[in-house]
Amino acid sequence: IKYMTHPRLLIVGTTPYSTKDQSRSFDAFFHYWEKENIAQIFCKPQSPVKGHCGTLFQITDYRMLQRWKGKRIKTGKVYNYDELPDSSESNQRTDETLSAPRAYQFGLRHSPLTHLLRGLLWRKRFWCTEALNKWLDEFKPECVFLSFSDDYFIPQIALYVAERYDIPIVNSILDDYYFNTRFSLNPLYWLYKLTYKKLIRKVLAHKGSAIYISDKIRDKYNGDMGLDGETIYLNSTVKRKLFAPVNTDNPSITYFGNIGMGRNHSLNDIGYALGRINPKYILEVYSGSRNPLEYGVFKDNPNVYYGGMIPYEQVQEKMQNSDVTVIVEGFLPKDIDESRYSLSTKAADALASGVTILTYGSQECGIVEYMQSTMASYVCTDKKGLEAVIREMLSTPKKQKEYYEQQIVMTHKHHNVDRSCEMFMTVVNRAISK
């Protein structure tokens, strides 16, 4: 894996690929890939950092909006590896978005209306420019890697490139955007779903393959869509700490990640349960959420400390220094629908860390079901039993040690970078040779 030359692969996705931050999950696929053989088209309005991509092409909502207004500006911007900063500290939103944040903030609202309006905004004649085609011709892609999105334009761009060069698409399906539907009386919702599904069927009908985040979502898409994709679990760069029983006098209990989709309420449940066990116990929550409706629920909970966003390097450090790290999901039907197949980097990081893991959420959620299957975590799927599970976790050092040993087994079995990269390479080569 480390020494072979890889095919030229074009990533099409929302976030610029990096070995850290939000898009670090791609490291499970590209860890050993030569940077000159990876390029990316992305739309998030931030400057990328040095990673595995030799070159990146950015198209943003703001620039597309300026073109709609008749301004003769370039909708695409090229970033090459040598000119990129090394660290995420410089990874700020680009100047034009700082001056016009509404365009980006509007795009963040995942509603049928915003999806439909963005679909109109991202007209092909605005993004399919001579500059983009010249950049593509210079790279000469042999395969497209589509990081699935619930917008139209990311799959549309991937399909355009694949058809232009007659190359396969490897679809990275980490969330269920296609099958996940909800009851709605809003005609815009059904218009969006109908047109989005039509597009995705066209993308999946193009030659290629797929990779999945878990067996659960693999079985759904392979079975219903006739694909031959493989599960490739995400891996982690967190270093394993030596086993130590949980410090029951002053335990360090932490959560890192998204607090939307009902996770904030589950974290609150844990905080109140900790307070009933010992008023001094604190759950530390770190998240990049800027939504007061999400983090505001912690305001009246004396046993939850909300620390906001911290860099991934600090996440790794704090996790290693924790006694317990927490994985949560929500319990409401709409939250379950959105996380039914999800299996984020939180699972890989927690299993790699050597820290005692507490998982709390609906059993129907993908990550909860997965953590239960690992036999390496304390798991609670019912609010009534939460306090009892936490008490058991704090008072059973022998079981903590058993889970620690099982974490090693599961990390080697599923979250192994060499195995993940080898399997991904097999999928890509199989797609190219079809």
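Let me start with Gly354. Just after helix 15, Gly354 takes a positive phi of about 85 degrees. Helices here are DSSP runs of H or I with at least four residues, strands are runs of E with at least two, and both are numbered from the N terminus.

Some ground rules. This is a predicted model, where local features need pLDDT of at least 70, side-chain atom pairs count only at pLDDT 80 or more, and totals for chains, interfaces and linings use all residues. Residues are numbered from 1 along each chain as its sequence is written, and side-chain values use heavy atoms, with hydrogens and water left out.

Back to helix 15, residues 345-353. How many of its residues are buried? The count is 9 of 9. Buried means under 20% relative accessible area, exposed means over 50%, and partly exposed is in between, with a 1.4 Å probe and protein chains only. The buried set includes Lys346 and Asp349, as well as Ala347, Ala348 and Leu351. What covers them? The cover includes strand 9 (253-256), helix 13, strand 12, strand 13 (356-360), helix 16 (366-374) and helix 18 (397-414).

Next, two buried serines in loops. Ser322 is in the loop between helix 13 (312-320) and strand 12 (324-328). Its relative accessibility is 0%, so Ser322 counts as buried. Beyond neighbours within four places in sequence, Ser322 is in contact with Lys241, Ser252, Thr254 and Val355. Contact means heavy atoms within 4.5 Å. With Thr254 there is also a side-chain polar contact of 2.9 Å. A polar contact is a pair of N or O atoms within 3.5 Å; within protein, one must be able to donate a hydrogen and the other to accept it, and residues adjacent in sequence count only if both atoms are side-chain atoms. Ser322 and Tyr255 sit 67 residues apart along the chain, with 9.8 Å between their C-alpha atoms.

The other serine is Ser214, in the loop between strand 7 (208-212) and helix 10 (215-225). Ser214 counts as buried because its relative accessibility is 9%. Leaving aside neighbours within four places in sequence, Ser214 is in contact with Thr231, Tyr233, Tyr341 and Leu343.

Lys140 has phi near 55 degrees. Lys140 is in the loop between helix 7 (130-139) and strand 5 (143-147), and is partly exposed at 48%. Asp166 also has a positive phi, of about 55 degrees. Asp166 lies in the loop between helix 8 and strand 6 (169-173), and is exposed at 53%.

Cys365 is buried, at 0%.

Last, the second largest pocket. Its volume is about 390 Å³. Of its 15 lining residues, the closest to the centre are Tyr152, Gln156, Leu159, Leu199 and Lys202. Helix 5 (112-121), helix 6 (124-127), helix 8 (153-165) and helix 9 (187-205) each supply at least two lining residues.

A pocket, on a 1 Å grid over the protein atoms alone, is an open set of points where a 1.4 Å probe fits, with protein on both sides within 12 Å along at least five of seven lines; lining residues have an atom within 4 Å of a point. Volume is the space filled by probe spheres set on the points, which are joined across faces, edges and corners.
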